Amino acid sequence: MKHRNKLIGAATTTALPLTAVATTAMADTTAHHHTVPSEQDQLQALYRKAKAEGGKVTVYMGGEAPGQRDSLASAFKQQFPDVQLHLVTDLGKYHDARIDNQLATGHPVADAAVLHTAQDFDRWKKDGDLLKYKPVNRDKLFAHAHAKDGYYTGVLYGAFFYVVNTKQLPAKPGDFKGTDLLKQAYKKKLVLTYPHDDDGVLFGYQQIVDEYGWNYLAQLVKQNPKLIRGVLGSAAGVASGDYLASVAVGGDARPNGTQVFSNTERFNSWAQRGADFIQGRPHNSGAKLFLSWLGSEAVQKNAIATWTWSVRKDVAPPAGLQPLASDKNTDPDACAKFMNNRAVAERFRSQAELYFGQVKGADSGDPRAPSVVHPEPSDHCSAHPGAGRPAQRRRTRFGGIPT
C-alpha cells in the first residue's frame with residue numbers, strides 16, 4: 001500500500017513553529033469581516049473573557065518528560081500574552097490521580113486536561129465533573145475525534161506500531177511484519193517497552209496477539225530483548241543504532257530508525273482527548289480558550305500536522321501519510337473501547353506480565369530517573385500545591401503522548 005510509512009513523533013517533544021502559528025492567526029483575524037465571526041475572532045472573544053477571569057489557566061498534559069510541551073506553552077503565550085498558562089507535563093497515571101484527588105477533596109488545580117486515558121474522561125463525564133463545552137472549531141473535527149454531547153474534544157491523532165532500523169526494512173517498508181522480529185538478526189537487538197506498564201502499548205500488543213497468538217510473545221521473549229519503561233526510550237534506542245527495532249511504540253527514531261506501518265497488520269491509533277473541568281474552577285474561559293486554540297486551523301496545520309494526523313477535516317496529514325479514515329488497518333475508536341473495558345485490559349495485562357516479568361527500572365516520568373531532566377518544582381505538581389508526587393502504582397496507564 002502506498003504512503004504507509006512515515007515518522008510519527010507521537011511521543012516526542014515537538015518543536016512548534018511559533019511564528020507560523022502566530023502569523024497565520026493574525027492573518028485570519030484581519031482577513032475576515034463577515035457576519036459570522038471567524039475562528040480567530042471567536043478565540044479573541046474567549047481571550048477577553050479569560051483576561052477578565054484573572055488571566056490564568058492550568059492544564060495537565062500527558063508526556064514522559066517534564067518540559068516536553070514547553071514549545072506548546074510558548075506558542076500560546078505568543079498569541080495570548082495576557083493569559084498565564086501553567087502547562088504541567090507528566091505521565092497520565094499521575095495526572096488522573098491528582099485530578100481525582102482534587103475532585104474528592106474540593107481543592108481544584110487543573111482547569112483542563114489533555115490525556116490519552118480515555119476511560120478517565122468517560123468516568124469524569126458520568127460523574128458530572130466535566131464542563132459541557134463545544135470548541136469554536138467543533139464542526140471542523142472528525143466525528144470520532146470528539147464527544148457528540150460536547151464533554152471532551154480531540155486535539156490530535158497518535159499512533160503506535162513498529163519502530164525499525166531503516167537498514168533492516170524490505171524494499172517496500174509496508175511488507176514488514178511482526179514475524180520478521182523473530183529472525184536471528186534481532187537476537188539481543190530489540191528494545192521493548194513493558195506492555196503491562198502502559199495501556200497504549202498494552203493495546204498494541206493485544207492486536208499483535210490477536211494476529212499471531214500468544215506463542216508469538218513467547219518467541220519474542222526468546223530474542224532476549226532489552227525491557228524498559230516508557231516509549232521514548234524505546235524509540236531512542238533504535239535512533240541511536242544500539243537496537244534494531246521496538247514494538248507498539250512511537251517517537252522520533254532518527255537518524256537510524258523510522259516508524260513502520262505494515263500493509264497486513266492492524267495498528268493502534270487514537271484521538272488524544274482534552275476536556276475542561278467544572279467543579280469550582282475559576283478559569284473556565286481560559287480552559288475553553290486553550291482547547292479551542294489547540295484545535296484551531298493555525299495550530300493544527302503548523303504545529304500538529306507537521307508530525308502526525310490532525311483531528312480537523314480541513315487539515316491534510318503530513319506528506320507520506322494517508323488519511324486515517326481510508327486506512328483499513330486501524331480504528332481510532334478501538335483503543336478507547338479497550339481502555340474502558342477494564343476487566344479485559346487488566347486480564348490481558350496480567351497475562352502479558354507472565355511473558356515479560358514484573359516491571360523493573362525507574363519510571364520514565366520519574367525525576368529521579370537518570371535519563372530524565374529534573375523538572376522545576378512548580379512544573380511537577382501533585383494533587384495540589386505543596387503535596388508530594390503520588391506513590392508509584394503497578395497498574396499504570398498510557399502517558400507518553402501529548403499523552
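A search of the whole structure finds 21 aromatic pairs. In such a pair, rings of Phe, Tyr and Trp (its six-membered ring) have their centres within 6.5 Å, and the planes are called stacked when under 30 degrees apart, edge-to-face when over 60 and tilted in the remaining cases. One of the pairs joins Tyr205 and Phe356, which are edge-to-face, with 5.6 Å from centre to centre and 80° between the planes. Tyr205 belongs to helix H6 (residues 199-212) and Phe356 to helix H12 (residues 342-356), so that the pair links distant parts of the chain, 151 residues apart. Helices (H or I, at least four residues) and strands (E, at least two) are DSSP runs, numbered from the N terminus. Both Tyr205 and Phe356 are buried; buried means under 20% relative accessible area, exposed means over 50%, and partly exposed lies in between (1.4 Å probe, protein chains only).

The model is a predicted one, in which local features need pLDDT of at least 70 and side-chain atom pairs count only at pLDDT 80 or more, while totals for chains, interfaces and linings use all residues. Residues are numbered from 1 along each chain as its sequence is written, and side-chain values use heavy atoms, with hydrogens and water left out.

A further aromatic pair is formed by Phe261 and Trp309, and it is edge-to-face because the ring centres are 6.3 Å apart and the planes stand at 75°. Phe261 lies in the loop between strand E8 (257-260) and strand E9 (268-276), and Trp309 in the loop between helix H10 (297-304) and helix H11 (334-340), so the pair ties together parts that are 48 residues apart in sequence. Phe261 is buried, with a relative accessible area of 1%, and Trp309 also counts as buried, at 5% relative accessibility. These two residues belong to one aromatic cluster, together with Phe161, Tyr162, Phe176 and Phe267.

A ring may also be approached by a charge. Lys51 lies over the face of Tyr47, at 4.5 Å from the ring centre; the criterion is that NZ of Lys or CZ of Arg is within 6 Å of the ring centre and within 35 degrees of the ring normal.

The packing of helices may be considered next. The axes of helix H7 (residues 214-221) and H12 come within 9 Å and cross at roughly 35°, where axes are lines fitted to C-alpha atoms, for helices over the stretch in contact, and angles run from 0 to 180 degrees between N-to-C directions. The crossing of H7 and H12 is right-handed, a term for a near helix turned clockwise from the far one by less than a right angle, with anticlockwise giving left-handed. Trp214, Leu217, Ala218, Leu220 and Val221 of H7 meet Phe348, Gln351, Ala352, Tyr355 and Phe356 of H12, contact being defined as heavy atoms within 4.5 Å. The residues of this contact comprise nine nonpolar, one polar and no charged. Ala, Val, Leu, Ile, Met, Phe, Trp, Tyr, Cys and Pro count as nonpolar, Asp, Glu, Lys and Arg as charged, and the others, Gly among them, as polar.

In helix H8 (residues 231-240), the buried residues are Val231, Ser234, Ala235, Gly237, Val238 and Ala239. They pack against E4, E5, H6, strand E6 (226-228), E7 and E8. After H8 comes Gly241, with a positive phi near 90°.

Most residues other than glycine have a negative phi, and most peptide bonds are trans. Ala248, in strand E7, has a positive phi of about 55° although it is not a glycine, and at 2% relative accessibility Ala248 counts as buried. Lys188, in the loop between strand E4 (153-165) and strand E5 (191-193), likewise has a positive phi, near 60°, but counts as exposed at 57% relative accessibility. The peptide bond from Arg254 to Pro255 is cis, with omega near 10°; Pro255 is found in the loop between strand E7 (245-249) and E8.

Finally, Asp111 occupies the loop between helix H4 (92-105) and strand E3 (112-115) and counts as buried at 2% relative accessibility. Asp111 and Ala287 are 176 residues apart in sequence, yet 5.8 Å apart in space, C-alpha to C-alpha. Leaving aside neighbours within four places in sequence, the contacts of Asp111 include Val57, Thr58, Arg281, His283 and Ala287.
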